Amino acid sequence: MFCYQCEQTSKGTGCTSIGVCGKDSSTAALQDLLVHLTKGLAMYAHRARQLDATKGADRSVDVAMIEALFTSVTNVAFDAERVAQVIGRTVEARARARALYEQLCRAAGREPEQLGGAASAQPAIGVQAMARQGEEHSIAALRKRIGEDRAGLHELVVYGSRARPPTLTMLTCLVTTMTGPMRSSTKRSMP
Ligand code: SF4
């Protein structure tokens, strides 16, 4: 695990084997997966609101996003089973946000975007399998993909989003700027 999201972080650089706060590596990986899937939720929620600020808003989606972000804050969730349950609810909320977005596209006579990455990723079955999957979305993995500086900027925005959840919807724009053109001309994804 690697986590440097709070001021308690080990030696001021990062918790690696276990968090100073008590978070274990499985829970850390599950939180990384949860944050990744929450980006997918934001991708649909943001697009739905862009189409119609009123009809594109779904309170249950907003609540799910806040629950997901709050679950990944320091000293909130050390129970891997509970984080796995929140992952399930986040994916359900993402499906609702997607249905709303596609419905608004149809009403506007537009073709919905085919979104990949966090918008289409499915959590594995079982807590341990989810934790292994979460390692693909760890800070270490992100640093390998986009470099330390851009990974650090990415994390900064994520941490800011926890204090101010609507900021997460900005992440799609920021990450696009940071990572350059999308990997596919037909699918859009998050890192
Ligand atoms: S949240 Fe826990 S694991 Fe992460 S930096 Fe803070 S003390 Fe370390």
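Trainee: In which segment does Lys11 lie?

Mentor: Lys11 belongs to the segment before α1 (25–51); helices here are DSSP runs (H or I, at least four residues), numbered from the N terminus. The model is predicted, so local features need pLDDT of at least 70 and side-chain atom pairs count only at pLDDT 80 or more, while totals for chains, interfaces and linings use all residues. Residues are numbered from 1 along each chain as its sequence is written, and side-chain values use heavy atoms, with hydrogens and water left out.

Trainee: What is the phi of Lys11, and is the residue buried or exposed?

Mentor: Most residues other than glycine have a negative phi. Lys11, not a glycine, has a positive phi of about 55 degrees. Its relative accessible area is 80%, so Lys11 is exposed (buried is under 20%, exposed over 50%, partly exposed in between, with a 1.4 Å probe and protein chains only).

Trainee: Where is Asn75 found, and what is its phi?

Mentor: Asn75 is found in the loop between α2 and α3 (80–107), and its phi is positive, near 65 degrees. With 44% relative accessibility, Asn75 counts as partly exposed.

Trainee: Which residues of α2 are buried, and how are they arranged?

Mentor: Val61, Ala64, Met65, Ala68, Leu69 and Thr71 are the buried residues of α2. Seen down the helix axis, they fall within an arc of 165 degrees and so line one face of α2; the arc is that of the directions from the axis to the C-beta atoms.

Definitions and conventions:
Helices (H or I, at least four residues) and strands (E, at least two) are DSSP runs, numbered from the N terminus.
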